[in-house]
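The following questions and answers concern one protein chain. Please keep the sequence and the structure in view while reading.

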Amino acid sequence: MNFRDVEKKLCIIVDEQTAKILSPDIEANALLCMGYVDHTAGLTYEALALANYCDGDYSVVWEAKDVSLKIRSGSVANKIIMPIENKVLMNKFKFRIELLENYYTDANVLECRAIEELDKFRHPEFPDDLAMFLAKKGNKMETIWVRALSFIGTNEHMIAIKVQLLNEPYSDFGVHIHDEIDAF
């Protein structure tokens, strides 16, 4: 599932085991969550309530008022995740949803995240992390992971962004883990 399908959307996640973590005494097989992207922790779901799910339908059975549970996308990768539209629930959880806007304050990162042409290079669980190719004469080309930091511009179908290297290249490319470089 592409992060764009769930980002800033209510989702039902069918996961009875995680529902029990949130409230072991409530009979529920799913969670009502809001999807968002944490720049360093990746695609995340904020649990808002417990629900029961059956054949594409759901009902909310318990609201998580005094408890916060963040679910990283990797832990529910093999679960049913169903984005939903429900204005009543959006309004009911408006305060909690608005708190997630703290993850959307860096305009530079958001500009990079908005570039859909980069989607084929994105890590499925970390949308701001991209697979990038390093090339240098005399070296074998390498693929490394980088984190998008800011948009530089475009030039004749080339997108330029500033990135930070997330791993050390095997060969000597003159750059190292944590370095910030311009990528094209």
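A salt bridge is a side-chain nitrogen of Lys or Arg within 4 Å of a carboxyl oxygen of Asp or Glu. The model is predicted: local features need pLDDT of at least 70, side-chain atom pairs count only at pLDDT 80 or more, and totals for chains, interfaces and linings use all residues. Residues are numbered from 1 along each chain as its sequence is written, and side-chain values use heavy atoms, with hydrogens and water left out.

Q: Which residues are linked with Asp-119 in a network of salt bridges?
A: Asp-119 forms a salt bridge with Arg-122, the closest N and O atoms being 2.7 Å apart. The side chain of Asp-119 also meets that of Arg-4 in a salt bridge, at 2.8 Å from N to O. The residues linked with Asp-119 in the network are Arg-4 and Arg-122.

Q: Is Arg-4 buried, partly exposed or exposed?
A: Buried means under 20% relative accessible area, exposed over 50%, and partly exposed in between (1.4 Å probe, protein chains only). The relative accessible area of Arg-4 is 22%, so Arg-4 is partly exposed.
Both Asp-119 and Arg-122, by contrast, are buried. The term for Arg-4 is therefore partly exposed.

Q: How many residues apart are Glu-46 and Lys-70?
A: Helices (H or I, at least four residues) and strands (E, at least two) are DSSP runs, numbered from the N terminus. Glu-46 forms a salt bridge with Lys-70, with the closest N and O atoms 2.7 Å apart. This pair links strand β3 (residues 42-54), which holds Glu-46, to strand β5 (residues 70-72), which holds Lys-70, and the two are 24 residues apart.

Q: Why is the pair of Tyr-36 and Tyr-103 tilted?
A: Rings of Phe, Tyr and Trp (its six-membered ring) pair if their centres lie within 6.5 Å; planes under 30 degrees apart count as stacked, over 60 as edge-to-face and the rest as tilted. The structure holds one aromatic pair. The ring centres of Tyr-36 and Tyr-103 are 4.6 Å apart, and the pair is tilted because the planes stand at 35°.

Q: Which strands stand at the edges of the open sheet of four strands?
A: Two strands pair if DSSP finds at least two bridges between them. The sheet has the order β7-β8-β9-β10, with antiparallel pairing. Each edge strand has a single partner, so one side of each is left without a neighbour in the sheet; these strands are β7 (129-134) and β10 (180-183).
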